[in-house]
Amino acid sequence: TAEGPCYVGQEIEGGRERYRIEQHLQRAIFGDVWQVLGLASGQKFALKVVEADLVDQLRNATTAQVCEVPLCEVQFDHIVRGLDHVVQMEEHFG
């Protein structure tokens, strides 16, 4: 497919629960975004898949080199947690 390998139907283990990949949502700057279903909670989530080698390459990049740092959602979660109109990160794992 245009978005790469088809992972639909596969299950992955997260920190809080197991997730089933339901559909590809979009290609993002640093990877793909998938809709997943939390098997214990029944809730739908967006899962951002970031290539590990890309994270390693850009980890030490300056803001002059890239417009966004990979995994900045993780780095700044404590600042934006609980704010209105900001999507909240439920967990991260890798």
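In this predicted model, the side chains of Glu13 and Arg18 meet in a salt bridge, with 2.9 Å from N to O. Arg18 also forms a salt bridge with Glu11, where the closest N and O atoms are 2.9 Å apart. Glu11 is partly exposed, its relative accessible area being 38%, and Arg18 is likewise partly exposed, at 34%. Side chains of opposite charge can pair when their charged atoms come close.

A further salt bridge joins the side chains of Asp32 and Arg27, at 3.3 Å from N to O. Asp32 has a relative accessible area of 12% and therefore counts as buried, the limit being under 20%, whereas Arg27 reaches 56% and therefore counts as exposed, the limit being over 50%. Through shared partners, the salt bridges link Glu11, Glu13 and Arg18 into one network. The count of salt bridges comes to 3.

Turning to the strands, the model contains an open sheet of 4 strands, in the order β1-β2-β3-β4 and with antiparallel pairing. Because β1 (11–13) and β4 (44–50) stand at the edges and each has a single partner strand, one side of each is left without a neighbour in the sheet. Neighbouring strands of this sheet are turned by 45° against each other on average, if direction is ignored.

Strand β3, which covers residues 31–38, runs antiparallel to β4 and is joined to β4 by 7 bridges. One of the residues with a bridge partner in β4 is Leu37, whose partner there is Lys44.

Conventions:
Residues are numbered from 1 along each chain as its sequence is written. This is a predicted model: local features need pLDDT of at least 70, side-chain atom pairs count only at pLDDT 80 or more; totals for chains, interfaces and linings use all residues. Side-chain values use heavy atoms; hydrogens and water are left out. Two strands pair if DSSP finds at least two bridges between them. Helices (H or I, at least four residues) and strands (E, at least two) are DSSP runs, numbered from the N terminus. Axes are lines fitted to C-alpha atoms, for helices over the stretch in contact, and angles run from 0 to 180 degrees between N-to-C directions. A salt bridge is a side-chain nitrogen of Lys or Arg within 4 Å of a carboxyl oxygen of Asp or Glu. Buried means under 20% relative accessible area, exposed over 50%, partly exposed in between (1.4 Å probe, protein chains only).
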